[in-house]
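Here are my notes on the model you sent over.

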Amino acid sequence: MRYTYEQPEYIDLAGARHLVQELKKYIQQIMDGNIDVSSYIKREDLASYATKSYVDTAVTEVATGGEVDLSNYYNKQEVENLIPEPITEDEIRSLFANEGYATETYVNNAVSNVPATDLSNYYTKDETYSKAEVDTLVDGGSSSGGGTTEPTEPDTPTGKSSITGNTNLKYSYSRTYTGKFFDANDNEVTDVIGTWTITSAFAESEFTTKIITDNSIKLGVDNENLIGESFTLTFSDSNGKYTPSTIEITVIE
């Protein structure tokens with residue numbers, strides 16, 4: 001098959017004959033069942049579809065006033081009947097008035113008719129201190145026209161304290177140290193919880209055991225490099241009513 005040189009959009013006679021022969025062979029293969037045509041649409045499958053002539057006729061009938069079934073559609077009057085009548089502004093206002101709500105006009109009139117309030121007995125914002133200014137005054141600061149706040153003297157100790165426990169702390173072991181308070185008459189005071197303070201040349205994190213229970217503390221270290229090192233343990237009260245007690249503890253092997 002080839003196209004002519006003079007008219008390339010047409011095939012020559014020999015090509016046309018060849019094309020006809022190929023089409024015959026293809027049709028024969030379909031008839032013999034050698035080609036799968038299951039994916040093709042059959043004529044009966046198109047029975048429910050409208051033909052071109054059917055569509056043309058239906059369009060013509062609509063344009064010329066022919067009969068068209070509109071029984072399933074709403075007409076203009078039926079649509080208007082479905083739309084509720086609009087409510088007026090006065091009706092809306094009356095609804096709220098019946099429910100006890102105040103209109104904007106009513107509120108404005110009520111506010112304008114409020115009698116003047118005597119505020120002569122109140123401080124203005126400029127006449128009061130802010131929180132930061134109050135904190136500064138409490139901490140001992142001064143303000144215009146004011147004086148300074150004198151620092152208060154700490155309470156004078158009226159009793160004493162003591163610490164019991166071994167002054168040698170063996171590494172990889174732990175020991176418990178107990179603190180006590182006594183009044184001026186050497187009577188033990190049991191209703192005061194003290195505070196423990198450790199002072200050492202090494203980091204406090206080296207204490208692998210540090211458990212405080214009431215007025216007792218349990219200490220322990222596991223680092224053998226601390227053997228020979230010493231630290232100070234102090235027991236005191238937070239109010240300064242009792243003289244603090246201090247002992248020096250040495251880490252031993």
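1. Lys170 sits in strand S2, residues 168-170, and S2 and S10 run parallel, joined by three bridges. Bear in mind throughout that this is a predicted model.

2. If you want a spot to look at, Leu233 stands opposite Ile247 in S10.

3. Which residues of S10 are on the covered face, and which on the uncovered one? Ser245, Ile247, Ile249 and Val251 are covered, while Thr246, Glu248, Thr250 and Ile252 make up the uncovered face.

4. Now the largest nonpolar core, which has 21 residues. The members touching the most other members are Tyr177, Trp196, Phe207, Leu219, Phe231, Leu233 and Ile249. Strands S3 (174-182), S5 (195-200), S7 (216-221), S8 (230-236) and S10 (245-252) each give two or more residues to this core. As a general point, nonpolar side chains tend to be buried together in soluble globular proteins.

5. Leaving out residues up to four places away in sequence, Ile249 touches Asn166, Thr167, Asn168, Leu169, Tyr177, Glu229, Ser230, Phe231 and Leu233.

6. With residues up to four places away in sequence set aside, Ser236 touches Phe181, Gly194, Thr195 and Pro244.

7. On to charges: the whole structure has three salt bridges. In one of them, the side chains of Asp56 and Lys52 meet at 3.1 Å, N to O. These two are four residues apart in helix H2 (residues 52-63), so about one helical turn separates them. Lys52 is exposed at 66% relative accessibility, whereas Asp56 is partly exposed at 37%.

8. Another salt bridge pairs Lys160 with Asp186, with 3.2 Å between the closest N and O atoms. Lys160 is in strand S1 (residues 159-164) and Asp186 is in the loop between S3 and strand S4 (188-189), so the pair ties together parts that are 26 residues apart in sequence. Both ends are partly exposed, Lys160 at 39% and Asp186 at 48%.

9. There is also a salt bridge between Lys210 and Glu204, whose closest N and O atoms are 2.2 Å apart. Lys210 is partly exposed, with a relative accessible area of 40%, and Glu204 is partly exposed too, at 36%.

10. For the surface, look at the nonpolar patch of about 360 Å² made by Tyr26, Ile30, Val37 and Tyr40. Tyr26 belongs to helix H1, residues 13-31, and counts as partly exposed at 37% relative accessibility.

11. Finally, the overall numbers. The protein has six helices and 10 strands, and 15% of its 253 residues count as buried. Among contacts with a separation of 6 or more, 49% are between residues 24 or more positions apart.

Conventions: Residues numbered from 1 in each chain as written. Predicted model: local features only at pLDDT ≥ 70, side-chain atom pairs only at ≥ 80, totals over all residues. Heavy atoms only, no water. Buried < 20%, exposed > 50% of the residue type's maximum accessible area, 1.4 Å probe, protein only. Contact = heavy atoms within 4.5 Å. Patch = residues over 30% accessible without salt bridge, like charges linked within 9 Å, V, L, I, M, F, W, Y side chains within 5 Å. Areas by Shrake-Rupley, 256 points an atom, 1.4 Å probe, with all protein chains shown as cover. Salt bridge = Lys/Arg side-chain N within 4 Å of Asp/Glu carboxyl O. Core = buried A, V, L, I, M, F, W, Y, C linked by side-chain atoms within 4.5 Å. Pairing = 2+ DSSP bridges.
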